[in-house]
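Hi everyone, thanks for coming. Today I'd like to walk you through one protein model, step by step, so please have a look at it with me.

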Amino acid sequence: MKRLWTPRWIAVHLATVLLVIAFLALGWWQLSRAEAGGNPSSWGYMLEWPVFAAFVIFLWVREVRAVLRRDAPPAAAPAPEPEDPNRLRVRRPVRTEAVRRATERSAYGPARPPADH
């Protein structure tokens, strides 16, 4: 947890708290304006400011989790399974000259070398 208490992260924590408080205060202010005047825009803004505050909290949580996940020790790799002597082995087919020539042909006939100019 010490990595979340560097000067940079302290600034991020403070900015998060200040933004959330400011956005919620602006939402409260818009609510008082909407109740006094009944303006539809004020009702919309009153709903919008808490959404902004929630988005700031979402970004903060995502960044904290990313730092903690990035610095976590890697998980141990699973142990390899022992070789089963009864298991069938699949062999790759050998490409013969005929197969190679057949795969080099295009739909318009065999490939021709470019003409000399």
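Before the record comes up, a word on how to read it: UniProt positions are given here in the numbering used for this model, feature names are shortened, and annotations may be inferred rather than shown by experiment. With that in mind, the unreviewed UniProt entry lists residues 12-31 and 43-61 under "transmembrane region".

Now some ground rules. This is a predicted model, in which local features need pLDDT of at least 70 and side-chain atom pairs count only at pLDDT 80 or more, while totals for chains, interfaces and linings use all residues. Residues are numbered from 1 along each chain as its sequence is written, and side-chain values use heavy atoms, leaving out hydrogens and water.

Let's begin with the overall fold. How many helices and strands does the protein have? There are three helices and zero strands, and from the N terminus the order is α-α-α. Helices here are DSSP runs of H or I with at least four residues, strands are E runs of at least two, and both are numbered from the N terminus.

Of the 117 residues in the protein, 14% are buried; buried means under 20% relative accessible area, exposed means over 50%, and partly exposed is in between, using a 1.4 Å probe and protein chains only. The accessible surface comes to about 10700 Å², and 65% of that belongs to carbon and sulfur atoms. Those areas come from the Shrake-Rupley method with a 1.4 Å probe, and for residues only the protein chains shown count as cover.

Let's turn to helix 2, residues 40-70. Its 31 residues reach 45 Å from first C-alpha to last, close to the 45 Å expected at 1.5 Å a residue; the expected span is 1.5 Å times one less than the number of residues. Which residues of helix 2 are buried? They are Ser-42, Met-46, Trp-49, Ala-53, Val-56, Val-64 and Val-67, and helix 1 is among what covers them.

Ala-54 lies in helix 2 and counts as partly exposed because its relative accessible area is 45%. Ala-54 and Leu-24 are 30 residues apart in sequence, yet 9.6 Å apart in space, C-alpha to C-alpha. Leu-68, also placed in helix 2, is partly exposed because its relative accessible area is 26%. Leu-68 and Arg-3 are 65 residues apart in sequence and 8.5 Å apart in space, again C-alpha to C-alpha.

Now for charges. Side chains of opposite charge can pair when their charged atoms come close. A search of the whole structure finds one salt bridge, meaning a side-chain nitrogen of Lys or Arg within 4 Å of a carboxyl oxygen of Asp or Glu. Arg-62 pairs with Glu-63, and their closest N and O atoms are 3.8 Å apart. Arg-62 is partly exposed at 45% relative accessibility, and Glu-63 is partly exposed at 37%.

One last stop: Ile-10, in helix 1, residues 7-37. Ile-10 counts as partly exposed because its relative accessibility is 35%.

Terms used: Contact = heavy atoms within 4.5 Å.
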